Amino acid sequence: MNGAYRALVLSTLSFALCFSVWGLIAPLAPRFQDLYGLSDTQISLVIATPVLLGSLFRIPAGILADRFGGRRVFTGMLLFLVLPVVLIGFFGGSFYGLLFWGFLLGVAGSSFAVGVPFVSKWFPPERQGVALGVYGVGNIGSALAAYAAPAIAGAWGWRWAFWVFVVPLLAMAAMFWAVGRDAPGSGPSPSLAEGLGLFREELGPWVLSLFYFLTFGGFVALGIYLPKLLVDLFGLGQTDAGLRAAGFVVLATLARPVGGWLSDRVGGGPLLAVVFALLPLMALLLAFGGEMVSFTVGALSSAALLGVGNGAIFKLVAALYPGRTGGVTGLVGAAGGLGGFFPPLVMGVVRDLTGSYAPGFVLLALFAAGCFAVNAACMRRWKAQGQGRTEGV
């Protein structure tokens, strides 16, 4: 198992680094808004834009990982990210500059679809939930960005908040190429046509995509938008707001392997039923709590539920689609990324139109209730397909 643990550690560190890069713009959003006179809608678009490419590119990234192996694809991705990290500092000093280079930074978000098949092929089915949950701890990279970016920007200027990642990206790419190995005996690689054909033939990937749209999308949206929410609602300083947002990300991240571990034992479907039953209550608390204490309870409880849900979903992906994990991960991950793209836009528009963020959280509650109903309808089918608890049904 030495090779398996080496692959898990290496991919988790690389994923964390990519997520740090992916999350750099959001904690600097209040600074950008002040510097360039952006409206709430404009700055929400700037915040959400990196999520767009990170979402859409997960589909081809996952298929490429199935086809060519995670070692090649992850190394190439780390090298590519050096380009936008460097150039945003030179050409990102405007609304359109931030949009363009932020869009390219979104490639970092697609790294998740590369690491899932890379890791899952090293572990037996009864251990994939925990392994993928540990890999998902790489989400903590966005907490690093939320905490470090404002501090670096305050000391040396916002450009250095990006430039400090050049050396780590180059070093990690060299390490992944030198040390990383694809799992032996993982079977024939599906063609691109075969990878895409699954999505026409199976309903399951689309259902899991719906669920991940909520769980990971909610995690990303709240994680990247919390700094602005806390500044607007409670008048916190940017560094304080970034630190609190980092706490949200850390809790959701640590809950992910817990969700994988529980899914190995009780099944992904039953665990998601609990998550989708409790999320509407927490969303309504965020909408109408009104005080810092109630908002904190709602936010941290949502973080734990979203993290557990993320772990449960990818246990189901690995169990139900063992030969197509990369392709299905790409589709499901893309849906999750899009789930992180739209809520910040909705929040900005709602805030501009009504002066309140509450309607956005009400929509979150309704969506979670809908997912609860869909999951209840699907659990019987998953149980028949998965053939037992160890496969995460």
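Helices here are DSSP runs of H or I with at least four residues, numbered from the N terminus. The model is predicted, so to speak of local features a pLDDT of at least 70 is needed, and side-chain atom pairs count only at pLDDT 80 or more, while totals for chains, interfaces and linings use all residues. Residues are numbered from 1 along each chain as its sequence is written, and side-chain values use heavy atoms, with hydrogens and water left out.

On a 1 Å grid over the protein atoms alone, a pocket is an open set of points with protein on both sides within 12 Å along at least five of seven lines, a cavity is a set where a 1.4 Å probe fits but cannot get out, and lining residues have an atom within 4 Å of a point. The largest pocket has a volume of about 380 Å³, a volume being the space filled by probe spheres set on the points, which are joined across faces, edges and corners. Its lining has 19 residues, and G339, P343, G360, L363 and L364 lie nearest the centre. Helices α13 (204–234), α17 and α18 each supply at least two of the lining residues, with α13 giving the most, eight.

There are three cavities of 30 Å³ or more, and the largest cavity holds about 180 Å³ of space. Among the 17 residues that line the largest cavity, W22, G23, S142, V220 and I224 are the closest to its centre. Here too α13 gives the most to the lining, with five residues. Because domain 1 (1–186) and domain 2 (190–392) both give residues to this lining, the largest cavity lies between them, the domain bounds coming from an automatic or database assignment.
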